[in-house]
Amino acid sequence: MNRNNSSTFSFSEKIDADYIFNMYEDDYPYIETMFKTVLDHFDADRLAILTNFQQNDLELLRKAVHKIKPTFGFVGMPDVLEKCKAFENKCYQVQSTKELETDYKYLLSTLEDAHQAIINEHNKLVSYNRSAA
């Protein structure tokens, strides 16, 4: 169920509107701030994942995924959070990043899709908040 609690703002299907409403109610300026904060840190967090994978550093790779994981809760993407958690757990089960190649490509694709969705939703929130002011 994807409940949108405002008659004029509608979250995209990639965002769990119920999840967002449970966290922030209808405080759209604060929701915008949270999306912006996630975007401000996203590239550095993704770069840490890329770098540690390339350097075959499983522990730092796991920590980088662990660090980015909760950001998806802040923006109503619990499914992406769960995918990060699954990848993080796999890091404990292997001896090298080579064993994670397929999972890593899937994670990167998931992160890229999520990143674009967050950008799009942030832009919508900025427009909405400006028009509501």
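Predicted model: local features only at pLDDT ≥ 70, side-chain atom pairs only at ≥ 80, totals over all residues.
1. **Overall fold.** The protein chain has six helices and zero strands. Read along the sequence, the pattern is α-α-α-α-α-α. The C-alpha trace spans about 50 × 25 × 20 Å along its principal axes. Of the 133 residues in the chain, 44% are buried. Take the contacts between residues at least 6 apart in sequence: 60% of them join residues at least 24 apart.

2. **The core.** The largest nonpolar core holds 39 residues. Phe72 and Met77 have the most contacts inside this core. Five elements are listed as giving two or more residues to it: α1 (17–24), α2 (28–54), α3 (58–68), α5 (78–91) and α6 (101–132).

3. Which residues does Phe72 touch, once its neighbours within four places in sequence are left aside? The contacts are Phe42, Met77, Pro78, Val80, Leu81, Cys84, Leu111, Ala114 and Ile118.

4. **α2 against α3.** The axes of these two helices come within 8 Å and cross at roughly 160°. Angles over 145 degrees count as roughly antiparallel, so α2 is roughly antiparallel to α3. The crossing of α2 and α3 is left-handed. From α2, the contact uses Phe42, Asp45, Arg46, Ala48, Ile49, Asn52 and Phe53. From α3, it uses Leu60, Leu61, Ala64, Val65, Lys67 and Ile68. These residues divide into nine nonpolar, one polar and three charged.

5. **α2 against α6.** Here the axes lie 9 Å apart, and the helices pack at an angle of about 155°. α2 and α6 are therefore roughly antiparallel to each other. The crossing of α2 and α6 is left-handed. What is the make-up of the contact of α2 with α6? Its residues divide into 18 nonpolar, three polar and seven charged.

6. **Arg62, an arginine to check.** Arg62 is found in helix α3. Is Arg62 buried or exposed? Its relative accessible area is 11%. The cut-off for buried is under 20%, so Arg62 counts as buried. Leaving aside neighbours within four places in sequence, Arg62 is in contact with Glu88, Cys91 and Tyr92. Tyr30 is another matter: Arg62 and Tyr30 are 32 residues apart in sequence and 30 Å apart in space, C-alpha to C-alpha.

7. **Glu25, positive phi.** Glu25 is not a glycine, yet has a positive phi of about 55°. Glu25 is found in the loop between α1 and α2. With 53% relative accessibility, Glu25 counts as exposed, because the cut-off for exposed is over 50%.

8. **Asn56, positive phi.** Phi of Asn56 is near 55°, a positive value in a residue other than glycine. Asn56 sits in the loop between α2 and α3. Relative accessibility is 40% for Asn56, so this residue counts as partly exposed.

Conventions: Residues numbered from 1 in each chain as written. Heavy atoms only, no water. Core = buried A, V, L, I, M, F, W, Y, C linked by side-chain atoms within 4.5 Å. Buried < 20%, exposed > 50% of the residue type's maximum accessible area, 1.4 Å probe, protein only. Helix = DSSP H or I, 4+ residues; strand = E, 2+ residues; numbered from the N terminus. Contact = heavy atoms within 4.5 Å. Axes fitted to C-alpha atoms, helices over the stretch in contact; angles between N-to-C directions. Parallel < 35°, antiparallel > 145°, perpendicular 65-115°, else oblique. Left-handed = near helix turned anticlockwise from the far one by under 90°. Nonpolar A, V, L, I, M, F, W, Y, C, P; charged D, E, K, R; others polar.
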